[in-house]
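Please look over the sequence and the structure before reading on.

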Amino acid sequence: MTPITAPILLAAIAMMLPLAVAAQQASACGPLENAFGPFDYRKPHPNEKHLVESAHFTSVVESLIRGTTNRLPGGDIAYTLRAFPNHHRALIATVRLAQREKTDKPAQLVYTVDCWFERATRFQPDDPVVRMIYASWLGPRGRREEAMAQLAQAERVAGDNAFTHYNLGLSYLELGAFDRALTKAHHAQALGMVRPDLADRLRASGHWREPTATAPAASAASGPTPP
């Protein structure tokens, strides 16, 4: 091997490694292809959403009382997430089921909790809600840096949505990242958010400061009106 070709080969290997790791992870967490779907939970056709939720993600499944096609809820949650990988409420139910059963792979859920989130972010990487839910799973398990990384990704796609920035603030607060929580509180207020909970919790913890003239400013009309 000549001195000229060696660096080229090393550079090529370096470029291929991330792709190999991503492919291995995707393989471990299964393909996204499905007989029905996959569909984006944020903008489904009403018929698609109704078909899945009326048969599989019913109130008793979401409440983890029992399944609709089986005694346990895990199988119906898994079906829902195969059809809608970024189904927010089903992902929350997955986290709650894992917490209740004290395992990261509850019965009939097919994949681990981490895998369901990997599938969701692989399918719709620009869905900030998925990443905030994932952070809520990672943080209490001692994986704070991973949780912070998910919230950073959510920030990148939050746009001017006041409600998203507000919820990001709450997520940062749960992780003890008070400076980030304060920044998000100011940002959400500048975008028209009027809910006081985040500011009140920051005040109670001694981390609230009034926004300065250099804080992010935006018109309330630039983002959707929070409920």
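The residues that line the largest pocket divide into five nonpolar, four polar and two charged, where Ala, Val, Leu, Ile, Met, Phe, Trp, Tyr, Cys and Pro count as nonpolar, Asp, Glu, Lys and Arg as charged, and the others, Gly among them, as polar. The model is predicted, so local features need pLDDT of at least 70 and side-chain atom pairs count only at pLDDT 80 or more, while totals for chains, interfaces and linings use all residues. Residues are numbered from 1 along each chain as its sequence is written, and side-chain values use heavy atoms, with hydrogens and water left out.

On a 1 Å grid over the protein atoms alone, a cavity is a set of points where a 1.4 Å probe fits but cannot get out, a pocket is an open set with protein on both sides within 12 Å along at least five of seven lines, and lining residues have an atom within 4 Å of a point. A volume is the space filled by probe spheres set on the points.

| Space | Volume | Largest share of the lining |
|---|---|---|
| Largest pocket | about 260 Å³ | H9, four residues |
| Largest cavity | about 40 Å³ | H10, three residues |

Helices are DSSP runs (H or I, at least four residues) numbered from the N terminus. Among the residues lining the largest cavity are Tyr166, Gln189 and Arg195.

Glutamine 124 lies in the loop between helix H6 (113–123) and H7. Glutamine 124 is buried, with a relative accessible area of 16%, since buried means under 20%.

Technical notes
Helix = DSSP H or I, 4+ residues; strand = E, 2+ residues; numbered from the N terminus. Buried < 20%, exposed > 50% of the residue type's maximum accessible area, 1.4 Å probe, protein only.
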